[in-house]
Every structure is written in C-alpha cells, then in structure tokens.
Amino acid sequence: MFVTLTLPSYGPVIPGVDTPADPSTYNYRRAALDALLFPKLVDQFWKALRRCAGYNVQYFSAIEPQKRLAPHLHAAVRGTIPRQVLRQVVRAVYLQVWWPPIDSAVYTTSAPVWMGTGYADPMTGELLPTWEDALDRLEAPGARPMHVMRFGAQVDARGIVAPSVEADRAVRYLTKYLTKSVAETYGDELSAAREAHIERMHRELRFLPCSEKCANWLRYGVQPKDAVPGLVPGRCQHKAHDREMLGLGGRRVLVSRKWSGKTLAQHRADRQTVVHAVLEEAGFTTPEIDRLAAETQMEDGRRRFTWGERTPQGPRLPACHVGEHSPTAGVATVLPPRQGTNRAGGRPIARAATLGATAATPTHLARPSRSIVNVKEFERLLTTAEVAKIVQVSPSTLCRWRQQGVGPRVTWLSRSIPRYAATDVEKWLQKAAA
C-alpha cells in the first residue's frame, strides 16, 4: 500500500499559491509546534496500526513539507490493510506532549545566567527550576499537556502490486528524499507572499523548544534537561530551527527495522559486493582486493593497518601517498569526485580522494594554534539571507549550492550555522562574471 497522511488546517490558504489568505489569523504557533513534533506523532501512528492490524507492519516512509510548510508523510506499507481500518486509526491517533507550559515567555529582554551549578535569574540570582522539578509540577491536579496534535482529515491509501509501473513510481518517489533538500520544496523563485510566509514561520520556530535539551527553555523560566554552560534562548544549535528546515530537523526517511527482510550481516555483504564490483571495474581482481583489505594480516602476523592517536607533542605519522596504480586512484577514476564542504574551514574537498592526503590528523580536524587567530582582523561574516540578496537568488537556492559544493565559499560556525566572508562572495561574483 502507498499511504499519505497530512496535518490539519491552520487557517485558510490561497488555492494554487498555498500561502495564508490572512496571515494575521493563521495559527503559526500550532503550525510550528506540529512541525517540530510531527515525527513523534508518526511513531504513535505506527504503534497503533500494528495493534489494529495484528501483525508487525513494515514500512518505508518519507517526510516532506507541503507548500503551506506543513509536513506530511508518504509511506509504502507491506501487506494489505482495509482502508476503513486505516482511516479509523488515523482519526484515533493523537499525541500529548507533557512538557512545561510555554504560554508566556518569562525572559524576553535578558537571559538567565550560568552560576556554575545551573542557570539563575539575572536580577535576583535565584536558580531556575530544573527540568525534573518542572515535570513534577505537571503531576498536580488540573495540569494540562503543553501541546496536543492529531493528523488531518485527508488520508490517501492506494493498493500497489509489485512488480508494476505504479510500484516503480512509488519507489522512485520515496527514495528521492534520500538526497532532496527540504528547501528544494519551496522552489527557486519565491513570491513576496511566500517569502513572508517562510519568514513568519521561521520567527515562530526560533524561540520554540525542539526537545527536552533545547536552549529555548530558558526563555520560559525552566532549565533544559542536562543543562550545560553557554545556552542562549533563540540560538539552539538544532537544525530544526534553521530557516532551510522549518521544523524538520530529524531524519526525513523513516524505515522499519525489518522492512528489507535482511540481517545486518547481509547488508554488510551487499555493501562489500558493491565495493568489489567498483574495484573490479577499475581493473583490480578479487585476490588483489582481499590483499588490500584492512583485516588482512602481513606475513609476520601483524595487521596490515594499525591505528594510533596523534598528539601535538607526538611524532608525525608517515604520510600515505596514493600511487598511480593504487586502489584509491582506481576508484577515483571510476567514481566522479563528489565535492563536499569542509565545515570547519569552508574549503571544498574531494571525498573520493580523501586517502590521498595523510594518515595523520586531517587538516579540518586539527586544532589551530591560538597565536594565529587575530579577532581584530576578522571581517564581518554574512548570513545566508544577506548573501542571497547580494547574489539575487533565493535562500533555498543558496542552500542547494552548499549541498552541491558550488557557490561562494562557506564557513561553518557550527553544524547548522553557515556564514560567508564578504571577500569570498566578491571573488566568486568576479569569477562568475568573467
């Protein structure tokens, strides 16, 4: 079966445009919370469906944002389940999130400060309630969950028989989300109304908590679970708060453990078969492949490869050069070098030729000496939105360029904070215009 589940409406939208007809009455708060917690609702659905179906339902599913920015689920389900039962399960499933209330923000102009053992009020110095204390308050009579969500009324379920053209189409539709970016759903050219819709949704997501450990809990007067120094409300590092993700910070492809019908050892054997096929295409026979395997021992009984930790004071490990007839060089000729991005330094790297560097610590993981950094000489770094306006493309296009390893050189301040140096943007524009 091929099943599609959606979320409810948050207000009237313009047909064909899918932007709010009246942004002032559109429920952005509920839409943002539903997007953040949608995977939890999906988990509840599969649990309930397995109970009603009477067997361990296996699925391959993908989460995609609609143009109205609400996520929905596409799933290939193994087996046959009556549509009436499926719709009854969808209507019955709901999610209650028992977190501390977020009806009103406590700290809007100043943030709690770290006092060594926890976060405290910046004026009085009194420690904020811990996460466990805040949950204990929910045991009181009359307490209500922070958020309750359900699926929408629209449920689409179609029977698919394999092998068939329709089955192949469904497989292609699902597997494209293995590489497709969330931002690609919005399109390259955004209208003013859609740009305003995305910006309003992003503002709502910025200060909402995405998990128990989210820094945004400090805004509501509660210490996050396992609080650590350096947390600032509105600056949570989880990518669910990014403008390019808009709440979909987790895995977009969800697969049940027994979907493939294979064990972990069988999957490893499949991967090994693919690697062997690529090496044989490059001109290496099976005996040579086995001889170059990491598990192969030398004539004296030692392992062919040994691993050791390199310290700044320790000896430099010998370099590992890629020879003209080495397996790495052969694979690099068969597989086109895929350009990635060095998150620490923003330099493009060729992943297919990674072994051609050194066996020592990679450059992008080496800790720089403090003496070479002069903060006063740093130029201002530009955000994605600022660079998009300069280059005259949408932020989603800039996001796709980063994934493809093209465009201006990017500097990653953290896992989810890309920045651009003004000089790098200028050099890229000059090169593009040449």
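Where is Asp 226 found? I looked this up first: Asp 226 is in the loop between helix 5 (192-206) and strand 9 (253-255). Helices here are DSSP runs of H or I with at least four residues, strands are runs of E with at least two, and both are numbered from the N terminus.

**Ground rules.** I'm working with a predicted model, so I note that local features need pLDDT of at least 70, side-chain atom pairs count only at pLDDT 80 or more, and totals for chains, interfaces and linings use all residues. Residues are numbered from 1 along each chain as its sequence is written, and side-chain values use heavy atoms, with hydrogens and water left out.

**Overview.** I find 11 helices and 14 strands in the protein. Of its 434 residues, 37% count as buried (under 20% relative accessible area, with exposed over 50% and partly exposed in between; 1.4 Å probe, protein chains only).

**Phi angles.** Most residues other than glycine have a negative phi. Asp 226 is not a glycine, yet I read a positive phi of about 55° there. Leu 69 also has a positive phi, about 80°, without being a glycine. I located Leu 69 in the loop between strand 2 (59-65) and strand 3 (71-77). Leu 69 is buried, with a relative accessible area of 3%.

**Cores.** Next I checked the nonpolar cores, which are sets of buried Ala, Val, Leu, Ile, Met, Phe, Trp, Tyr and Cys residues joined through side-chain atoms within 4.5 Å. The largest has 58 residues, and Phe 45, Trp 46 and Met 201 touch the most other members. Helix 1 (residues 28-53) gives this core its largest share, 14 residues. A second, separate core has 9 residues, including Leu 382 and Val 425.

I went back to Phe 45 for its contacts (heavy atoms within 4.5 Å). Leaving aside residues up to four places away in sequence, Phe 45 touches Leu 5, Leu 86, Val 89, Val 90, Val 93 and Phe 151.

I followed 3 strands that form an open antiparallel sheet in the order 12-14-13. Strand 12 (381-382) and strand 13 (411-414) are the edges, each pairing on one side only. Pairing needs at least two bridges found by DSSP between two strands; strand 13 and strand 14 (residues 417-421) have 3. Trp 412 stands opposite Pro 418 in strand 14.

Helix 11 (residues 422-433) lies across strand 12 and strand 14, and runs at about 65° to strand 14. For that angle, axes are lines fitted to C-alpha atoms, for helices over the stretch in contact, and angles run from 0 to 180 degrees between N-to-C directions.
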